[in-house]
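User: Hi! I am new to reading protein structures and would like to learn how to read a few features, step by step. Could you guide me through this one?

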Amino acid sequence: MILRTAPAALLLLLAGCTTPPPPLQGSYAEIAPNQGAAPELLGTPVRWGGVILAVESGDRATCFQVLGRPLGEDARPLPVDRVNGRFLACRDGFYDPELFTSGREITVVGRIAGESDRPVGDFQYRHPVVEAERLFLWPQRPQVVASPWY
C-alpha cells in the first residue's frame with residue numbers, strides 16, 4: 001500500500017513547490033525589461049526578477065538596479081547565463097543595502113512607470129522603471145561544493 005501511494009504523494013509535494021509565494025501570485029503582462037517602457041506600456045502590471053546590482057537609497061524611496069533574468073514557475077529568477085536586460089525597481093521607504101546586497105535574487109511586482117538613463121561602464125543604458133508594489137528577496141541558494149567520489 002505504501003509503495004503505491006508514495007509516488008503520488010511525491011508528485012503532489014513537488015507540484016506544490018512550483019507555485020509562486022502568495023505575494024507574487026497573479027497575472028502579469030508577458031513583457032521583458034529589455035522591451036523598454038514605451039508610452040503605451042506605462043501602468044502595465046509586471047512581475048520581473050533578477051539579481052540586484054546596486055541599491056540607491058533616497059529621501060523617500062529606495063531604488064534597486066536589477067539585472068533581469070527569466071523567472072521559473074515559482075517566480076524565482078533562474079540561475080542561468082541569460083539576461084532580460086536591466087531595470088530599476090523603486091519603492092517608497094528605506095530598504096537596508098546590507099540586506100538587499102549586490103548579488104541577491106529579487107522578484108518585483110509593480111507597474112511600469114517610465115525610463116531612466118544610467119551609465120553602465122561608458123555606455124548610457126535606458127532602464128525601464130518599475131514602481132514596485134511588492135519586493136520579494138529570495139533566500140540565498142546553498143553553495144554546492146563538488147568533491148570527487150574517490
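User: Let me start with two residues: are Glu105 and Arg76 buried or exposed?

Analyst: Good place to start! Keep in mind that this is a predicted model. Here both Glu105 and Arg76 are buried. For Glu105 the relative accessibility is 11%, and since buried means under 20%, Glu105 counts as buried.

User: Which kind of link does Glu105 form with Arg76?

Analyst: The general idea is that side chains of opposite charge can pair when their charged atoms come close. In this structure, Glu105 and Arg76 form a salt bridge, with 2.7 Å between the closest N and O atoms. The two residues come from distant parts of the chain: Glu105 belongs to strand S4, while Arg76 sits in the loop between S2 and S3, 29 residues apart.

User: Which residues are linked with Glu105 in a network of salt bridges?

Analyst: The network is made of Arg76, Glu105 and Arg141. Between Arg141 and Glu105 the N to O distance is 3.1 Å. This pair also links distant parts of the chain, as Arg141 lies in the segment after strand S5 (123-137) and Glu105 in strand S4, 36 residues apart. Arg141 has 36% relative accessibility, so this residue counts as partly exposed.

User: How many salt bridges are there, and what does another one look like?

Analyst: The count comes to six salt bridges. One of them joins Glu133 and Arg111, whose closest N and O atoms are 3.4 Å apart. Glu133 is in strand S5 and Arg111 in strand S4, so this pair ties together parts 22 residues apart in sequence. Glu133, at 35% relative accessibility, counts as partly exposed, and so does Arg111, at 39%.

User: Now the aromatic rings. How many aromatic pairs are found in the whole structure?

Analyst: A search of the whole structure finds five aromatic pairs. To describe a pair of aromatic rings, we give the distance of the centres and the angle of the planes. Take Phe64 and Phe100: their ring centres are 5.3 Å apart and their planes stand at 45 degrees, so the pair is tilted. Phe64 is in strand S2 (residues 61-69), whereas Phe100 is in the loop between strand S3 (86-92) and strand S4 (105-120), 36 residues away. Both Phe64 and Phe100 are buried. Ring pairs also bring in Tyr95, making a cluster of Phe64, Tyr95 and Phe100.

User: Which way do strands S1 and S2 pair, and over how many bridges?

Analyst: S1 and S2 pair in the antiparallel sense, over eight bridges. They form a hairpin, with three residues between them.

User: Where is Thr44, and which residues does Thr44 touch?

Analyst: Look in the loop between helix H1 (2-16) and S1, and you will find Thr44 there. At 16% relative accessibility, Thr44 counts as buried. Its side chain reaches the backbone oxygen of Leu41 at 2.7 Å. Leaving aside residues up to four places away in sequence, Thr44 touches Ala29, Ile31, Gly110, Arg111 and Ile112.

Key:
Residues are numbered from 1 along each chain as its sequence is written. This is a predicted model: local features need pLDDT of at least 70, side-chain atom pairs count only at pLDDT 80 or more; totals for chains, interfaces and linings use all residues. Side-chain values use heavy atoms; hydrogens and water are left out. Rings of Phe, Tyr and Trp (its six-membered ring) pair if their centres lie within 6.5 Å; planes under 30 degrees apart count as stacked, over 60 as edge-to-face and the rest as tilted. Helices (H or I, at least four residues) and strands (E, at least two) are DSSP runs, numbered from the N terminus. Buried means under 20% relative accessible area, exposed over 50%, partly exposed in between (1.4 Å probe, protein chains only). Two strands pair if DSSP finds at least two bridges between them. A salt bridge is a side-chain nitrogen of Lys or Arg within 4 Å of a carboxyl oxygen of Asp or Glu. A polar contact is a pair of N or O atoms within 3.5 Å; within protein, one must be able to donate a hydrogen and the other to accept it, and residues adjacent in sequence count only if both atoms are side-chain atoms. Contact means heavy atoms within 4.5 Å.
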